[in-house]
Amino acid sequence: MFGLRPADQILRRRAADLVDRLHVARHLRPGGLYVDIGSGTGHNSVRMARAAVGLRARFVCVEPVSRPTPRVLRYMRKRTDGGMQFVRALGDRLPLRDGQVDGVSIFFVLHHIPYEIQQRVLDEVRRVLRPGGCLFLWEDTPEDEREFLVNETWDRRLNFEAKSEPHFYRSGDHWAALLTGQGFDQVERAYYEDNSKRRGEGLVRHTGFVMRYGNAGG
Ligand SMILES: C[S@@+](CC[C@H](N)C(=O)[O-])C[C@H]1O[C@@H](n2cnc3c(N)ncnc32)[C@H](O)[C@@H]1O
């Protein structure tokens, strides 16, 4: 239990940084329904929910494998401002109705799944988002072959992955082009670098987006 505390603190600080850099609070609306796909242990979902305090917004964490940490569970149980729940499901089969959702967050999930399944997840996101709803996306975004390898080394270490685990990265510009081609408009773009540079391993580049879907009036 004690061994988990430093990791928990690092993840909490990282979640705060990621949510703040995207100015998430600006894009949340009162009474909204928000979904975090691939929420892992839930640190980012909690930070998103904290950004919505006072809005009575609801949060659903969708995750097929991991469980919330005890701290995240305590927060979920205590949260009276709109509620928060954890659902065991896959991002390409969301247990939600069409156009029901005000925002979807997907932080560092898509590069772990093959490109064709990434597309199925994005199709689900478009299905559940209401017009004018937002996608909050953070991805590992290497720009060339060298950065790809550094990202992969970092990813494997961070997630305790086997050497055979494949990754499906895209550059930041590639994500922007893909999403704008599928009905999203970019409203925020942010950057985050892991500290591998200090270890002499080169840059691990991450890009975050807030993408508004469809026509808010439509
Ligand atoms: C690197 S972790 C990121 C967790 C969390 N979003 C974060 O930023 O700390 C990737 C997560 O994606 C989840 N995942 C993998 N495939 C998925 C899928 N098809 N649908 C939803 N989640 C998935 C994994 O179980 C894992 O918890």
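Reader: Which residue forms a salt bridge with Asp98?

Author: Arg127 does, and the closest N and O atoms are 2.7 Å apart. Keep in mind that this is a predicted model.

Reader: Where do Asp98 and Arg127 lie?

Author: Asp98 is in the loop between strand E3 (84-87) and strand E4 (101-107), while Arg127 is in helix H4, so the pair ties together parts 29 residues apart in sequence.

Reader: Is Asp98 buried or exposed?

Author: Asp98 counts as exposed, because its relative accessibility is 57% and the cut-off is over 50%. Arg127, at 25%, counts as partly exposed.

Reader: How many salt bridges does the structure hold?

Author: It holds 13. Another one of them joins Arg130 and Asp102, at 2.5 Å from N to O. Arg130 lies in strand E5 (residues 129-140) and Asp102 in strand E4, so this pair connects parts 28 residues apart in sequence.

Reader: Are Arg130 and Asp102 buried or exposed?

Author: Arg130 is buried, with a relative accessible area of 17%. Asp102 is buried as well, at 9%. Salt bridges with shared partners also join Arg29, Asp102 and Arg130 into one network.

Reader: What does Glu188 pair with?

Author: Glu188 forms a salt bridge with Arg26, with 3.4 Å between the closest N and O atoms. The two are 162 residues apart: Glu188 is in strand E6 (residues 184-194), and Arg26 is in the loop between H1 and strand E1 (33-37). Glu188 counts as buried at 11% relative accessibility, whereas Arg26 is exposed at 61%.

Reader: Changing topic, how many aromatic pairs are there?

Author: The count is six. One of them is Tyr115 with Phe168, edge-to-face, 5.4 Å centre to centre and with 85° between the planes. Tyr115 is in helix H4 (residues 115-128) and Phe168 in the loop between helix H5 (145-158) and helix H6 (172-180), so to speak distant parts of the chain, 53 residues apart.

Reader: And which ring does Phe148 pair with?

Author: Phe148 pairs with Tyr169, the centres being 4.8 Å apart and the planes at 85°, so the pair is edge-to-face. Phe148 counts as partly exposed at 22% relative accessibility, and Tyr169 as buried at 5%.

Reader: Which residues form a ring cluster?

Author: Phe108, Trp138 and Tyr192 are linked into a cluster by ring pairs.

Reader: Last one: which residues gather in a patch of positive charge?

Author: Arg12, Arg50, Arg74 and Lys78, on the surface. Arg12 is found in helix H1 (residues 4-21).

Notes. Residues are numbered from 1 along each chain as its sequence is written. This is a predicted model: local features need pLDDT of at least 70, side-chain atom pairs count only at pLDDT 80 or more; totals for chains, interfaces and linings use all residues. Side-chain values use heavy atoms; hydrogens and water are left out. Patches are made of residues with over 30% relative accessible area and no salt bridge: like charges are joined within 9 Å, nonpolar side chains (Val, Leu, Ile, Met, Phe, Trp, Tyr) within 5 Å. Accessible areas come from the Shrake-Rupley method with a 1.4 Å probe; for residues, only the protein chains shown count as cover. A salt bridge is a side-chain nitrogen of Lys or Arg within 4 Å of a carboxyl oxygen of Asp or Glu. Lys and Arg count as positive and Asp and Glu as negative; His and the chain ends are not counted. The place of a charge is taken as NZ of Lys, CZ of Arg, CG of Asp or CD of Glu. Helices (H or I, at least four residues) and strands (E, at least two) are DSSP runs, numbered from the N terminus. Rings of Phe, Tyr and Trp (its six-membered ring) pair if their centres lie within 6.5 Å; planes under 30 degrees apart count as stacked, over 60 as edge-to-face and the rest as tilted. Buried means under 20% relative accessible area, exposed over 50%, partly exposed in between (1.4 Å probe, protein chains only).
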